[in-house]
Amino acid sequence: MTLNQIIKGQIARITQINGEDAVSIRLMEMGLIDGEEIQLLGKAPLGDPLEFAVRGYRLSLRLNEAKCVEVEIV
Amino acid sequence: MINSPAVSQKKMTIAIIGNPNTGKSTLFNHLSGGHAHIGNFPGVTVEKKVGSVTWDGRNIDLVDLPGTYSLAPRSIDEMVAVDVLLGRQKEVPLPDAIVCIADASNLERNLYLFSQILDLSIPVVLVLNMCDLARSRGIEIDAGALSQKLNLPVVCTEAHHGKGVKELKAEILRVDVGTKHQPLSLFPDAFYFEREQLSEKLQTDEEGIPPDFLVDRLLLDVGGYVESYFENHTHNGLMDDLRQARSRLKEAGYAVPAIEARLRYGWSRDLLKDVIEHPKEHQVTNSDRIDRWLTHRVFGFLFFFVLMFFVFQSVFTWAGPAMELIEAGQGIVDGTVESLISPGPLRSLVVDGVVAGVGGVLIFLPQIVILYFFIAVLEDSGYMARAAFIMDRLMRSLGLSGKSFIPLMSSFACAVPGIMATRVIENRHERLVTILVAPLMSCSARWPVYTLFIAAFIPNIAYLSLAGSPLVTLQGLVLFAMSSIGALVAIPVAWFLKRICFKGDVAPFVMELPGYKWPSPRNVILRVYNRAKSFVVKAGTLIFMTSIIIWAAGYFPGDHSEQFQIQERIETVDSSLEELETQIAATEESDQAALRELQSQKELLSGEQAELNEKQNQVSGQLVESSFLGQAGHLIAPVVKPLGWDWKIGVGVIASFPAREVIISTLGTIYSLGGDIGEDDQGLIGSIRASTWPDGSKVFNVPVAISIMVFFALCAQCAATLMVIRRETNSWLWPVISFTYMTTLAYVGAFISYQVGMLFI
């Protein structure tokens with residue numbers, strides 16, 4: 001499954017970042033690397049973008065950006 | 001430590017870099033003592049901020065680089081930091097040391113950038129800022145152990161109350177200038193082998209072998225800026241070589257770009273293992289609790305809109321009195337000049353050119369200061385990122401992102417601070433699109449134009465009334481329509497620019513939501529001050545020059561001697577009248593005969609005064625018509641004819657190039673009413689209603705009024721906006737494009753309104 005599919009409060013482990021474009025490079029620079037845990041904290045009022053907790057900080061990702069991140073539920 | 005006199009005489013250059021939201025600018029302000037020279041790096045939209053200080057008799061230039069998460073440039077703007085750090089930026093010498101500022105509460109991620117900096121071989125001082133915040137979250141860092149592991153100075157600071165700044169200064173002064181450090185070199189040998197191969201191929205006679213760091217970036221940044229840079233600067237086969245090198249690395253199990261993040265984050269985690277103590281994972285912070293409310297589905301939206309309304313309203317209402325004060329001050333200066341210089345070209349230049357020009361610059365300051373105050377508070381507190389978070393979905397339908405919302409909303413008050421506020425948008429294309437559509441938002445300078453023509457031509461019909469007071473009127477509806485037309489047109493314009501002109505550039509919205517904190521007053525004040533100063537100095541000079549040029553065009557080549565004679569006579573009559581008034585007031589009421597004598601003298605003078613004023617207005621009107629400006633008005637008459645305009649409106653439009661509202665005083669002059677005219681002046685409304693074409697038919701009717709209003713809603717008649725665009729984009733190209741596209745839109749809009757309107761008459 002991908003990161004856009006997890007529900008609020010759920011914690012997932014990243015398995016892979018898909019793509020080599022600007023978005024996936026930025027995701028990796030921000031510390032989204034396989035093995036890392038990430039939690040969905042909430043959504044913007046219109047359901048997109050999403051707020052995550054990763055490596056102890058808060059990160060906002062759009063749905064289509066979260067789609068690049070393969071995860072498994074912990 | 002080397003400390004020979006020769007070395008300490010040399011000026012030191014220190015580059016300051018760090019992730020966004022690390023308190024970097026607060027720390028920079030402390031280090032530089034608040035004094036910084038702010039300019040622009042040539043050819044890019046990146047701000048160059050240099051603070052020159054003297055510590056212990058040593059001259060130091062502190063160069064503040066833009067906040068960034070990584071040194072992997074994707075655009076020419078992001079390349080600036082890399083160029084500075086490699087000494088390839090001509091305006092800044094190679095830094096003697098780098099101060100890297102990291103957020104102590106989020107060290108692991110901040111060390112990613114730090115690890116890239118370590119590859120540069122320049123001495124580095126690591127600053128752990130916001131140590132207090134980290135402690136409050138239960139994060140304990142052993143800075144001494146970290147320093148030992150890194151073999152580098154590490155300083156803990158709390159920049160927002162100046163703690164640790166002294167220690168940081170001491171560490172900077174202790175840096176061994178000129179030493180080359182061993183790069184961090186985390187990559188496997190296979191990677192360095194490929195780098196060496198590429199380096200040799202990239203060698204040129206002029207530049208020699210490119211720096212290792214740049215070749216690393218070439219290999220690692222797929223589709224990055226360095227790729228395109230080398231593609232344009234070296235041999236043809238480069239892209240093939242690069243592809244092969246990358247595929248060899250992939251086969252060896254080191255696929256780029258993933259390898260870099262994996263290695264650097266692995267290094268950072270290892271480094272921190274015995275140095276940092278974390279509380280349990282997935283801890284809920286106070287910031288999270290605030291966020292649950294401020295990004296809440298209902299309450300988050302509500303809070304956002306109430307806050308935005310408050311900001312917007314404040315810019316409008318608080319700026320009002322200050323702007324009136326500036327206008328009043330301008331009036332006083334005018335009066336003083338008039339009492340010192342007799343009527344003539346010099347007085348006209350000083351009053352109508354210089355003072356009006358300076359006033360035209362200063363009048364923007366209240367709005368800039370107030371808006372920038374709010375923006376600085378919102379940014380410093382961490383709410384700005386939430387505003388972008390909340391508005392992103394809506395703004396994306398325009399091809400923009402949430403970060404464009406505040407600049408665009410601010411532009412409804414005034415495009416000048418709005419365009420200056422686009423600095424929060426890191427993506428170059430997105431920022432350009434926002435800058436280009438911002439002047440379409442209906443700013444407050446358009447209101448006088450709307451008010452004048454609506455009062456003169458739109459019938460006052462009420463559609464809905466409540467207790468005798470009208471709720472919805474036709475005039476109100478037209479005003480609303482005029483205020484919204486720009487924003488509506490901005491939607492397809494933004495879409496077109498984003499999809500057609502800046503195609504293929506998908507800006508990642510991947511954005512950190514920093515923890516909430518109290519804004520630092522010192523930071524806020526300094527930011528407001530710097531913005532205001534740079535506006536006055538950089539854009540102000542150009543706005544001022546434009547005003548002088550338009551003044552000259554309206555003044556020359558006419559013979560003003562008659563006008564000056566009348567003016568002198570008017571002033572004599574005015575002062576005699578004043579004298580009479582005091583005499584009348586001083587005369588005893590019983591002295592009827594003397595009073596009568598004085599009264600009749602007063603009547604005589606009043607009559608002459610009225611006559612002279614009329615004559616003066618007539619002469620001024622004729623002078624404007626015969627001036628270069630008037631000639632230009634006649635010249636463009638055939639062009640504006642399809643819009644339903646005569647040459648007088650044409651002159652008004654040309655004269656209002658420095659600022660839209662100037663059209664009202666220009667029309668006042670042309671219709672022989674004198675220059676000091678307000679938008680609700682009954683004389684002006686009467687004159688434009690009565691104005692006719694040579695064949696006797698009326699110039700103005702409803703379609704003409706609408707056509708003028710639509711033109712002013714869409715045009716770029718504002719020198720200040722164009723000069724700020726030039727300043728913010730650091731290029732003349734964008735103001736020229738703005739002016740051209742907006743004038744075209746305005747013309748087409750006015751044409752359609754007039755031609756369609758005439759069908760219903």
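Which residue in E5(B) is the bridge partner of Ile16(B)? These legends walk through a predicted model, and the answer comes with the second view.

**View 1. Chain B as a whole.** Let's start with the big picture. Chain B has 33 helices and twelve strands, and its C-alpha trace spans about 105 × 65 × 65 Å along the principal axes. Of its 761 residues, 43% are buried. Take the contacts in chain B with a separation of 6 or more: 72% of them involve residues 24 or more positions apart. The domain assignment gives domain 1 (5-173), domain 2 (189-253) and domain 3 (560-612). Between the centres of domain 2 and domain 3 of chain B, taken over C-alpha atoms, there are 87 Å.

**View 2. The seven-stranded sheet of chain B.** This open sheet runs in the order E2-E3-E4-E1-E5-E6-E8, with mixed pairing. At the edges stand strand E2 (37-40) and strand E8 (154-156) of chain B; each has a single partner strand, so one side of each is left without a neighbour in the sheet. On average, neighbouring strands here are turned by 25° against each other, direction ignored. Now zoom in on strand E1 (residues 12-18) and strand E5 (residues 97-103) of chain B, which run parallel and are joined by five bridges. Here's the answer to the opening question: Ile16(B) has Val99(B) as its bridge partner in E5(B). Helix H4 (residues 107-118) of chain B packs on the sheet, where it touches E1, E5 and strand E6 (124-129). The direction of H4 makes about 165° with that of E5(B).

**View 3. Where chain A meets chain B.** Here, 33 residues of chain A are in contact with 35 residues of chain B. On the chain A side, at least two residues each come from strand E1 (11-17), helix H1 (22-29), strand E2 (37-43), strand E3 (50-54) and strand E4 (57-61). H1(A) gives the most, with seven residues. Sorted by class, this side of chain A has 18 nonpolar, five polar and ten charged residues. Look for Ser60(A), which stands opposite Met511(B) in E12(B).

**View 4. Two crossing helices in chain B.** The axes of helix H9 (residues 212-220) and helix H10 (residues 225-233) of chain B come within 8 Å and cross at roughly 105°. That makes H9(B) roughly perpendicular to H10(B). H9(B) brings Leu214(B), Arg217(B) and Leu218(B) to the contact, while H10(B) brings Val226(B), Glu227(B) and Phe230(B). By class, that's four nonpolar, no polar and two charged residues.

View 5. Most residues other than glycine have a negative phi, and most peptide bonds are trans. Asp56(B) isn't a glycine, yet has a positive phi of about 50°; find this residue in the loop between strand E3 (47-55) and strand E4 (58-64) of chain B. Met130(B) also has a positive phi, near 60°, and is found in the loop between E6 and helix H5 (131-136) of chain B. Which of these is buried and which is exposed? Asp56(B) is exposed, with 9 other C-beta atoms within 10 Å, whereas Met130(B) counts as buried, with 27 C-beta neighbours inside 10 Å. As for cis peptide bonds, one joins Val256(B) and Pro257(B), with omega about 0°, and another joins Phe556(B) and Pro557(B), with omega about -5°.

Methods. Residues numbered from 1 in each chain as written. Chains lettered and ligands numbered in written order. Predicted model: local features only at pLDDT ≥ 70, side-chain atom pairs only at ≥ 80, totals over all residues. Pairing = 2+ DSSP bridges. Helix = DSSP H or I, 4+ residues; strand = E, 2+ residues; numbered from the N terminus. Axes fitted to C-alpha atoms, helices over the stretch in contact; angles between N-to-C directions. Contact = placed C-beta atoms within 7 Å. Buried ≥ 20, exposed ≤ 12 C-beta atoms within 10 Å, placed from the backbone. Domains from an automatic or database assignment. Nonpolar A, V, L, I, M, F, W, Y, C, P; charged D, E, K, R; others polar. Parallel < 35°, antiparallel > 145°, perpendicular 65-115°, else oblique.
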